[in-house]
Amino acid sequence: MILVVDSGSSKSDWKLELPDSAPISFSTNGLNPFFVNEKEITRVIKEIPEIIPYADEVTELYFFGAGCITPDRREMVSNALTPLFENAYISVENDLFGSALATCGNKKGYVATLGTGSDLSFFDGEELMPSHNGNGYVLGDEGSGAYFGKNLVRLFLYGRMPKDLNEKFANKYRINKEIVIKNVYQKERPNAFLASFAPFMSDNITHPFIIDLVKSGFEEFVQASILTYPDYNKYECHFVGSIAYSFDLILREVCDTHQIKVGTILKSPINELFDAVLERESNSLLSL
């Protein structure tokens, strides 16, 4: 049995192959090793009711996760998975590689994540080139949920939102400076906390202020990431994540102004990623 996981900072999507029936899918909290430790990852996994009956039968586990960009972070996640999946071969890779498999297949192209965080790299059809983007919610993550949420909260606390939006924001979230500082500087998952305000943009997407905010955020992402590649307009650029999916029309508009070829836009890549993993496994068996 094969288990595939696509994990972001806010949410993880799981899909499990079953021998005599259709695969099962479920979701948990995000398991980014930069924000949750090994014990917390293990705790979350052990409390997943869908997986407990099948844990011993899983023979292959493919985990594609945000924050799994260095050997030590990948090892942390692998160590956290091992106690429950004792009989499984475990592979841990960066979530961007998973997004590349889901969107590019075996073709060359750029792949970007625009969810809680953001990142971009080039996929040569087999391997993902090292990314020089992302950099986290403090130094980068332009155009991401954390980026937009941080901007919304800052504008609200500074009193720089239009009056009508300010009232809506205050009524919906009931936050103040003390609450924000506590969640950003003292609690776990500060990037997910900031990203939790991004849906406010979807609720008010017809407001000119929000349209300008989204457009400027995507423009900043394009400038900081896509346009840094000299042949950016030679290949399609695929996008994965809730922010890209929710504001796809504005994203396409910004890309069009720079002659960026937009490919697939997925909210979540888990289904396509699951199929890609199974196909790769099948091809590897056929080549033996």
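## Two loop residues with positive phi

Arg174 sits in the loop that links helix H6 (163-173) to H7; helices (DSSP H or I, at least four residues) and strands (DSSP E, at least two residues) are numbered from the N terminus. The phi angle of Arg174 is near 50°, which is positive although the residue is not a glycine. Arg174 has a relative accessible area of 61% and is therefore exposed. Here buried means under 20% relative accessible area, exposed means over 50%, and partly exposed lies in between, for a 1.4 Å probe and protein chains only.

Gln259 is another non-glycine residue with a positive phi, of about 60°. Its place is the loop between helix H12 (248-257) and strand E9 (262-266). With a relative accessible area of 60%, Gln259 is exposed.

## Basis of the values

The model is predicted: local features need pLDDT of at least 70, and side-chain atom pairs count only at pLDDT 80 or more, while totals for chains, interfaces and linings use all residues. Residues are numbered from 1 along each chain as its sequence is written, and side-chain values use heavy atoms, with hydrogens and water left out.

## Overall dimensions

The protein chain contains 13 helices and 9 strands. Its radius of gyration, taken over C-alpha atoms, is 19 Å, in agreement with the value near 19 Å for a compact globule of 288 residues; the globule rule is 2.2 Å times the number of residues to the power 0.38. Along the principal axes, the C-alpha atoms fill a box of roughly 60 × 45 × 35 Å.

The chain exposes about 13,900 Å², and carbon and sulfur atoms supply 50% of that area. Accessible areas come from the Shrake-Rupley method with a 1.4 Å probe, and for residues only the protein chains shown count as cover. Buried residues make up 53% of the 288 residues. Of the contacts (heavy atoms within 4.5 Å) between residues at least 6 apart in sequence, 66% join residues at least 24 apart.

## Nonpolar cores

In soluble globular proteins, nonpolar side chains tend to be buried together. A nonpolar core is defined here as a set of buried Ala, Val, Leu, Ile, Met, Phe, Trp, Tyr and Cys residues joined through side-chain atoms within 4.5 Å. The largest one has 47 residues, and those with the most contacts inside it are Phe169, Met201, Phe218, Ile226 and Phe239. Helix H5 (residues 145-157) contributes the largest share of this core, 7 residues.

Beyond four places in sequence, Met201 touches Phe148, Leu152, Ile210, Leu213, Val214 and Phe247. A second, separate core has 27 residues, including Leu18, Phe26, Leu31 and Phe63.

In helix H7 (residues 177-185), the buried residues are Val180, Asn183 and Val184. These residues lie on the same side of H7, because they cover an arc of only 95° around the axis; the arc is that of the directions from the helix axis to the C-beta atoms. The face turned away from the buried side of H7 carries the exposed residues Glu178 and Tyr185. At the start of H7, a side-chain oxygen of Asn176 comes to within 3.1 Å of the backbone nitrogen of Glu178.

Helix H2 (residues 71-81) has Met76, Val77, Ala80 and Leu81 as its buried residues. They span an arc of only 130° around the axis, so they are on the same side of H2. The buried residues of H2 pack against H1, strand E4 (60-65) and strand E5 (89-94).

## Buried sites in strands and a loop

Glu60 belongs to strand E4 and counts as buried, at 18% relative accessibility. The side chains of Glu60 and Tyr62 are joined by a polar contact of 2.5 Å. A polar contact is a pair of N or O atoms within 3.5 Å; within protein, one must be able to donate a hydrogen and the other to accept it, and residues adjacent in sequence count only if both atoms are side-chain atoms.

Ala112, in strand E6 (residues 109-114), is buried at 0% relative accessibility. Ala112 and His238 are 126 residues apart in sequence, with 6.1 Å between their C-alpha atoms. Leaving out residues up to four places away in sequence, Ala112 touches Leu96, Asp119, Leu120, Phe221, Cys237, His238, Phe239 and Val240. Gly30, in the loop between strand E3 (24-29) and helix H1 (38-46), is buried with a relative accessible area of 0%.
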